[in-house]
Amino acid sequence: MTMHTEVSQKSTERPKRVRRTGPYKAADARRQAILESAIEHFAQWGYFNSSMPKIAADVGLTKAGLMHHFSSKEELLSAVLELRDQRAFRAFYAEDFDNDPVRYLRQVAAQTAFNESQPGLTQMFSVLAAESSNEEHPAHEYFQRRYKSIVDASSGFMAPMIVAGTLREGTDVRQVAAEILAVVDGFTIQWALDKTNTSLHSTVFNYLDRLSRSVTADGRGLGD
């Protein structure tokens, strides 16, 4: 996974807090347990090889009981991806960068620390991203939109920084955004393969520090 999430109206709206009691609260808790179980299964076996009955059994349900909450495997996948978006948004997109590229890149690094703290969710996302290159995969269009929206959002954050004089004039912000996404996703896959010997956050931080020194108007790094 990745540092970002899809920037869409759905994912960037803050969820309204509704107090749930009694059977509604129990249903919400069961639904959350199903999502967490699905994350673990999708992370270990991918979407196609994950079993709805096994996901259900992990939370003490039959397949029919699970389908009371999610009517299909595709709907469950959609809910898992939405959960990932919500968590990433709360950790990242509420930030105001105030035309400061160093502040922005530090927050990108911080997002990878968040991803590292959510190993199941991050590993699941990496597996699904790889699987979704198959056009028949139910998340294929989601990941296509995701990559475009991330580049749109990142370049949207950085473009005003050129006008403000904090990012070097002539910087191709879309190219920089695409590079950040590719590098961070690549490091995330490496981390997912070998968590014991790799720190996702420190690896990404060091890369972004070098990038910052090359694109900021004053040559600052993340540690300055």
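In this predicted model, the axes of helix 8 (residues 140-164) and helix 9 come within 8 Å and cross at roughly 130 degrees, where an axis is a line fitted to C-alpha atoms over the stretch of helix in contact and angles run from 0 to 180 degrees between N-to-C directions. Helices are DSSP runs (H or I, at least four residues), numbered from the N terminus. Helix 8 is therefore oblique to helix 9, since angles under 35 degrees count as roughly parallel, over 145 as roughly antiparallel, 65 to 115 as roughly perpendicular and the rest as oblique. Contact here means heavy atoms within 4.5 Å, and the residues that helix 8 contributes include Arg 146, Tyr 147, Ile 150 and Met 158, while those of helix 9 include Val 173, Arg 174, Leu 181 and Asp 185. By class, this contact of helix 8 with helix 9 has 11 nonpolar, two polar and four charged residues.

Helix 9 (residues 173-193) also packs with helix 6 (residues 101-117), and their axes come within 12 Å and cross at roughly 25 degrees. That angle makes helix 6 roughly parallel to helix 9. From helix 6, Leu 105, Val 108, Thr 112, Asn 115 and Glu 116 meet Ile 180, Val 184 and Trp 191 of helix 9, and the residues of this contact divide into five nonpolar, two polar and one charged.

Residues are numbered from 1 along each chain as its sequence is written. Local features need pLDDT of at least 70, side-chain atom pairs count only at pLDDT 80 or more, and totals for chains, interfaces and linings use all residues, while side-chain values use heavy atoms, with hydrogens and water left out.

How values were computed
Helices (H or I, at least four residues) and strands (E, at least two) are DSSP runs, numbered from the N terminus. Ala, Val, Leu, Ile, Met, Phe, Trp, Tyr, Cys and Pro count as nonpolar, Asp, Glu, Lys and Arg as charged, and the others, Gly among them, as polar.
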